[in-house]
Amino acid sequence: PDVNSKDDTGSTALHIACIKGMSKVVLLLLKKGAMVSVNDGEGYTALQIACMHNKASVIRPLIEQGHANPQDPHPETSYVALHLAALRGHSACVKELLALNVPAWPQTNTSRSQTPQGVEPQPKTPHELALKYGHHDCAKLIDDYEPPPAKVNRKDWFHGGLDRMGALDLMTVNGLQDGLFLVRTGTKDKS
């Protein structure tokens with residue numbers, strides 16, 4: 001049978017292993033080609049399912065071995081894995097995601113929802129969700145998170161005073177390789 005086959009609810013074996021927190025089974029399924037980006041019948045990825053069910057033990061294998069994208073949004077809510085963990089107060093999952101340096105302040109694209117009291121603003125970040133639902137431990141984890149230092153500095157790519165010829169010379173000196181870029185202030189007359 002295909003490792004990515006779905007049951008009648010749209011779940012794959014990987015989704016089910018994540019619901020149950022079976023990290024050894026998750027690793028085995030990943031080795032057999034289980035796809036981490038497959039959505040279940042409700043639109044959730046395996047990583048999102050793990051975060052919803054407080055199964056922190058499967059988060060690292062999904063991201064490191066399975067290359068799950070922690071920024072994959074749910075198709076309806078735009079919630080990513082960190083939103084789902086913070087919403088439910090799963091501090092172990094929040095801690096594990098932050099230990100893997102996922103972005104700590106992702107935003108959803110939903111801004112308002114209709115409620116019996118009228119239109120209310122919706123929380124957009126995992127931090128706002130954690131606070132709204134009283135999960136202060138999750139909010140504190142996000143507040144206290146220090147991202148790793150940037151791999152590049154602005155001085156590495158911004159050359160404000162460089163003219164076009166200077167930019168070409170600088171790029172030639174550095175080998176004109178794919179992915180090499182710089183940013184400079186334009187000198188074209190804006191009138």
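Predicted model: local features only at pLDDT ≥ 70, side-chain atom pairs only at ≥ 80, totals over all residues.

Reader: OK. How many helices and strands are in the protein?

Author: The protein has 10 helices and 2 strands. These are DSSP runs numbered from the N terminus, with H or I of at least four residues for helices and E of at least two for strands. Starting at the N terminus, the order is α-α-α-α-α-α-β-β-α-α-α-α.

Reader: And what share of the residues is buried?

Author: Buried residues are 37% of the 191 residues. Buried means under 20% relative accessible area, exposed means over 50%, and partly exposed is in between, using a 1.4 Å probe and protein chains only.

Reader: What about contacts between residues 24 or more positions apart?

Author: They account for 58% of the contacts with a separation of 6 or more. A contact here is heavy atoms within 4.5 Å.

Reader: Which residues have the most contacts inside the largest nonpolar core?

Author: Those are L14, C18, L47, I59, L62 and L97, in a core of 40 residues. A nonpolar core is a set of buried Ala, Val, Leu, Ile, Met, Phe, Trp, Tyr and Cys residues joined through side-chain atoms within 4.5 Å. At least two core residues come from each of α1 (13–20), α2 (23–31), α3 (46–52), α4 (59–65), α5 (81–88), α6 (91–99), α7 (126–132) and α8 (136–144). The most comes from α3, with 6 residues.

Reader: I care about cysteines. What does C18 touch?

Author: Not counting residues up to four places away in sequence, C18 touches V26, A46, I49, A50, K55, V58 and L62.

Reader: Next topic: how do α1 and α2 pack?

Author: Their angle is about 160°, and their axes are 9 Å apart. Axes are lines fitted to C-alpha atoms, for helices over the stretch in contact, and angles run from 0 to 180 degrees between N-to-C directions. So α1 and α2 are roughly antiparallel to each other; angles under 35 degrees count as roughly parallel, over 145 as roughly antiparallel, 65 to 115 as roughly perpendicular and the rest as oblique.

Reader: Which residues meet there?

Author: A13, L14, A17 and C18 in α1 meet V25, V26, L29 and L30 in α2. That contact divides into 8 nonpolar residues, no polar and no charged. For those classes, Ala, Val, Leu, Ile, Met, Phe, Trp, Tyr, Cys and Pro are nonpolar, Asp, Glu, Lys and Arg are charged, and the others, Gly among them, are polar.

Reader: And α5 with α6, what's the angle?

Author: About 150°, with the axes 8 Å apart. That makes α5 roughly antiparallel to α6. A81, L82, A85 and A86 in α5 meet C93, V94, L97 and L98 in α6.

Reader: Is H90 buried or exposed?

Author: H90 is buried, at 15% relative accessible area. H90 sits in the loop between α5 and α6. Setting aside neighbours within four places in sequence, H90 contacts C51, M52, H53, N54, A85 and C138.

Reader: Last one: where is T12?

Author: T12 is in the segment before α1, and counts as buried at 2% relative accessibility. Leaving out neighbours within four places in sequence, T12 is in contact with N4, S5, K6 and V38.

Key. Residues numbered from 1 in each chain as written. Heavy atoms only, no water.
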